[in-house]
Amino acid sequence: MNPSAARVSRDSSSVCVCLFHSNSRPSSFLGINNNTVSFNTTNTNTLLLNTATNPRTINRTRVYRKNSTGVEACLSPAKSLRQILELPGVHQGPACFDALSAKLVEKSGFSFCFTSGFSISAARLALPDTGFISYAEMVDQGQLITQAVSIPVIGDGDNGYGNAMNVKRTVKGYIKAGFAGIILEDQVSPKACGHTRGRKVVSREEAVMRIKAAVDARKESGSDIVIVARTDSRQALSLEESLRRSRAFADAGADVLFIDALASKEEMKAFCEISPLVPKMANMLEGGGKTPILNPLELEELGFKLVAYPLSLIGVSIRAMQDALTAIKGGRIPSPGSMPSFEEIKETLGFNTYYEEEKRYATSMRRLSSENGGSRDAFSGIWSRTLRVKITGRDGFEKLDVRIPAGFLDGITNVVPALGGVNLKELLNDAAEEVGGKLLLDFNDTVGDRIQVFLE
């Protein structure tokens, strides 16, 4: 167990408990009774914290306040991110591109994540990150992402989509969308993707004005969104210029500094030595960028505080879809080992949580149906099981023996066309209470092959 600090403050009107940890899923708040705060933790135990005691060290993530109107969250996404920046060590943030990928990041125990303009442009538009995607599209996608998770999200704000006035609008829009932080860069329009050719930057003076505009927008909004100032001048101009710009960004009020495409460990060290009180961000571009790929311990030793992994999720998603499509085109379906079961997919998406909560609002008739073994509960259970499809040729040789998640019945006729006229869903429903190993079908098709379907 590697706990992080938790602080407790108390006054006459509220009890504020601030808990944070980089390697645990969020706990669930149960309530406050006198000075005791109860949390339902991920290992199903209940964590009790007496707020009259001194600050303690605990291993959970949530923040709540009790006031005259009840209990409410007491830290904004930006404040939560600032708490992370105050913790020792380097903190890893994978880059997501939609609500599902963000939820997976959170479920994996990361304390925050980034959005990637590269990945969002790819997933939303199927276009390269060369300035095609707009401010409105990025804000819309960002809002879906921030609403899907409780961890802080740092948004890719590109170059602010214009001049200093556009930057102010971008920052205010990202604040309203629920972002904890925003990355702003000094490229011209249309921008180019980092680590690619053709990058050009605005003058240092204009770049600094963008950061000042971002700081002003934050003040005007009454927010404390974390401003990550990025410069692409290392590749566009020189290392020396990128260091000068970073110092100027810090003086202008940036909270985190980021030089993209540093070319060596020595350059990374030189970057971390400037403006020592301002956290530094590293970008570990997977698959072959200009920056050396270092592990978290090496990055921490150099002085980095945040590290982004921009392509891991979109990259493995592309490869997994390509492999699945190759299998389908070849008359097969993806192997069960290459994808989660239907039950696992439902759990990830919250179906089971939905069903539990739905019971609270069930009418008497629906409650009676559920008590009598409603079809949904029986069939949802069967869908988590596996079908084994076996085909034996007329000559006695095995032609096919595959296992298919029962939840993917719609595509089974692509594998075995002879099953096209069979109502497998009805057979499964009838077999809901059966133990594994039941033979559902056994027949010969028109060419004499024996087709058997088992429920496992």
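Which residue in β13 is the bridge partner of Ile183? I looked this up before anything else. The partner is Val228. I note here that the model is predicted.

**Entry: the open sheet**

Strand β12 covers residues 181–184, and strand β13 covers residues 226–231. I found four bridges joining them, and the two strands run parallel.

I then traced the sheet around them. This sheet is open and has eight strands. I wrote down the order as β14-β13-β12-β11-β10-β9-β16-β15, with parallel pairing. Which strands sit at the edges? They are β14 (256–259) and β15 (281–283), and each pairs on one side only. From one strand to the next, the twist averages 25°.

I also looked for a helix on this sheet. Helix α1, residues 77–86, packs on it. I listed the strands that α1 touches: β9 (91–96), β11 (153–156), β12, β13, β14 and β16 (306–309). The direction of α1 makes about 65° with that of β13.

Next I turned to β20, residues 450–455. Is this strand largely enclosed or largely open? I found five of its six residues buried, so β20 is largely enclosed by the rest of the structure.

I checked what pairs with β20. Strand β17, residues 386–392, is joined to β20 by six bridges, and the two run antiparallel. Here Ile391 stands opposite Ile451. Strand β19, residues 438–444, is also joined to β20 by six bridges, again antiparallel. In this pairing Asp442 stands opposite Gln452.

I followed the chain from β19 to β20. They form a hairpin with five residues between the strands. In this hairpin Gly448 takes a positive phi near 95°.

**Entry: salt bridges**

How many salt bridges does the count come to? The count comes to 24. I picked out a few.

Arg199 lies in the loop between β12 and α6 (204–221), and Asp260 lies in the loop between β14 and α9 (265–273). The pair therefore ties together parts that are 61 residues apart in sequence. I checked burial too: both Arg199 and Asp260 are buried.

My next pick was Arg245 with Glu241. The salt bridge between their side chains is 2.8 Å, N to O. Both residues lie in helix α8, residues 239–252. They are four residues apart, about one turn of the helix. Buried means under 20% relative accessible area. Arg245 has 3%, so Arg245 is buried. Glu241 has 8%, so Glu241 is buried.

Then I looked at Glu273 with Lys269. The closest N and O atoms of this salt bridge are 3.5 Å apart. These two residues are four apart in helix α9, so about one helical turn separates them. Exposed means over 50%. Glu273 is at 51% relative accessibility, so Glu273 counts as exposed. Lys269 has a relative accessible area of 44% and is partly exposed.

I also found a network. Salt bridges link Lys79, Arg82, Arg218, Asp224 and Asp255.

**Entry: the largest pocket**

I moved on to open spaces. The largest pocket holds about 740 Å³ of space. Its lining has 22 residues. Which of them lie nearest the centre? They are Leu100, Leu104, Ser317, Ala320 and Pro340.

I asked which helices supply this lining. Helices α2 (99–107), α11 (312–329) and α12 (342–349) each supply at least two residues. Helix α11 gives the most, with eight residues.

**Entry: the cavity**

The largest cavity has a volume of about 60 Å³. What lines it? I listed Phe258, Ile259, Asp260, Ala261, Leu262, Met268, Met281, Ala282, Asn283, Thr291 and Phe304.

The elements giving two or more residues to this lining are β14 and β15. Strand β15 gives the most, with three residues.

Technical notes. Residues are numbered from 1 along each chain as its sequence is written. This is a predicted model: local features need pLDDT of at least 70, side-chain atom pairs count only at pLDDT 80 or more; totals for chains, interfaces and linings use all residues. Side-chain values use heavy atoms; hydrogens and water are left out. Two strands pair if DSSP finds at least two bridges between them. Axes are lines fitted to C-alpha atoms, for helices over the stretch in contact, and angles run from 0 to 180 degrees between N-to-C directions. Contact means heavy atoms within 4.5 Å. Buried means under 20% relative accessible area, exposed over 50%, partly exposed in between (1.4 Å probe, protein chains only). A salt bridge is a side-chain nitrogen of Lys or Arg within 4 Å of a carboxyl oxygen of Asp or Glu. On a 1 Å grid over the protein atoms alone, a cavity is a set of points where a 1.4 Å probe fits but cannot get out, and a pocket is an open set with protein on both sides within 12 Å along at least five of seven lines; lining residues have an atom within 4 Å of a point. Grid points are joined across faces, edges and corners, and a volume is the space filled by probe spheres set on the points.
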